[in-house]
Amino acid sequence: MLNKIEHLGIAVKDLQASNKVFADLLGVLPYKEEEVASEHVLTSFFQIGESKIELLQATSPESAIAKFLEKNKEGIHHIAFDVSDIYAEIERLVGLGYQMIHEQPKDGADNKLIAFLHPKSTNGVLIELCQEK
Ligand code: ZN
C-alpha cells in the first residue's frame, strides 16, 4: 500500500545554491545532507510539516541526475511514495505489468530502502517507492 507522498526529488546543478533558495522559501535549514555513493548524488532534505523535499546534485557524469540535467532544466525529478512493505509493493506492481528499475530494493538516502519504477511504465513520471528502515 502506498501511504503518502514521502518527498519530492528535485534535480539541481548546485546543491549549496539551491539549499539557500529552499531555506529562504521554507524558513528551515536542511535537516540532512548525505552523499549516496552508489547513485553518484549528493542530497539534502528539507521538511515542513509532513512534507519533504529532496535536492539532488550529481557527483559524476554517470549519475542519473547528470543525465536528467543534460535533457531537462533543473526541476522536479521524481515523486517518492512511502510504502509499508516495499517487497510486497514491488511484487504487486510487477504483477500488474509495471517495469521496475530496481526489482530488489536498495539503500537510499535518509535511512530508506528504495526502488524506482521505470518511467516508461508510468507515462514518463519517475516514481520512487521508499520504506523507512
Ligand atoms: Zn528520492
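Phe45 counts as buried, at 1% relative accessibility; buried here means under 20% relative accessible area, exposed over 50%, and partly exposed in between, with a 1.4 Å probe and protein chains only. The model is predicted, so local features need pLDDT of at least 70 and side-chain atom pairs count only at pLDDT 80 or more, whereas totals for chains, interfaces and linings use all residues. Residues are numbered from 1 along each chain as its sequence is written, and side-chain values use heavy atoms, with hydrogens and water left out.

**Aromatic pairs**

Phe45 and Tyr31 form a tilted aromatic pair, 6.0 Å centre to centre with 45° between the planes. Rings of Phe, Tyr and Trp (its six-membered ring) pair if their centres lie within 6.5 Å; planes under 30 degrees apart count as stacked, over 60 as edge-to-face, and the rest as tilted. This pair links distant parts of the chain, 14 residues apart: Tyr31 is in the loop between α1 and β2 (32-36), and Phe45 is in strand β3. Helices (H or I, at least four residues) and strands (E, at least two) are DSSP runs, numbered from the N terminus. Tyr31 is partly exposed, with a relative accessible area of 37%.

The structure holds 2 aromatic pairs. Phe22 and Phe46 have ring centres 6.0 Å apart and planes at 45°, so this pair is tilted. Phe22 belongs to helix α1 (residues 15-26) and Phe46 to strand β3, so the pair ties together parts that are 24 residues apart in sequence.

**Strand β4 and its partners**

Strand β4 (residues 51-58) is mostly covered, with 6 of its 8 residues buried. Strand β3 (residues 41-48) pairs with β4 in the antiparallel sense over 8 bridges; two strands pair if DSSP finds at least two bridges between them. The bridge partner of Phe45 in β4 is Glu54. The hairpin of β3 and β4 has 2 residues between the strands, and Gly49 there takes a positive phi near 55°. Strand β1 (residues 2-12) runs parallel to β4 and is joined to it by 5 bridges. Within β4, Leu56 is the bridge partner of Ala11.

**The zinc site**

His7 (NE2), Glu54 (OE), His78 (NE2) and Glu128 (OE) coordinate the zinc ion at 2.1 Å. Donors are N, O and S atoms within 2.8 Å of the metal (3.2 Å for Na, K and Ca); water is not among the atoms, so sites may look incomplete. His7 lies in strand β1 and Glu54 in strand β4, so the pair ties together parts that are 47 residues apart in sequence. His7 counts as buried at 3% relative accessibility, and Glu54 is buried with a relative accessible area of 5%.

**Residues with positive phi**

**Nonpolar core**

The largest nonpolar core has 11 residues in all, among them Phe81, Ile90, Leu113 and Leu129. A nonpolar core is a set of buried Ala, Val, Leu, Ile, Met, Phe, Trp, Tyr and Cys residues joined through side-chain atoms within 4.5 Å. At least two residues of this core come from each of β5 (75-83), α3 (86-95), β7 and β8. Helix α3 supplies the largest share, 3 residues. A second, separate core of 9 residues includes Val41, Leu56, Ile65 and Phe68.
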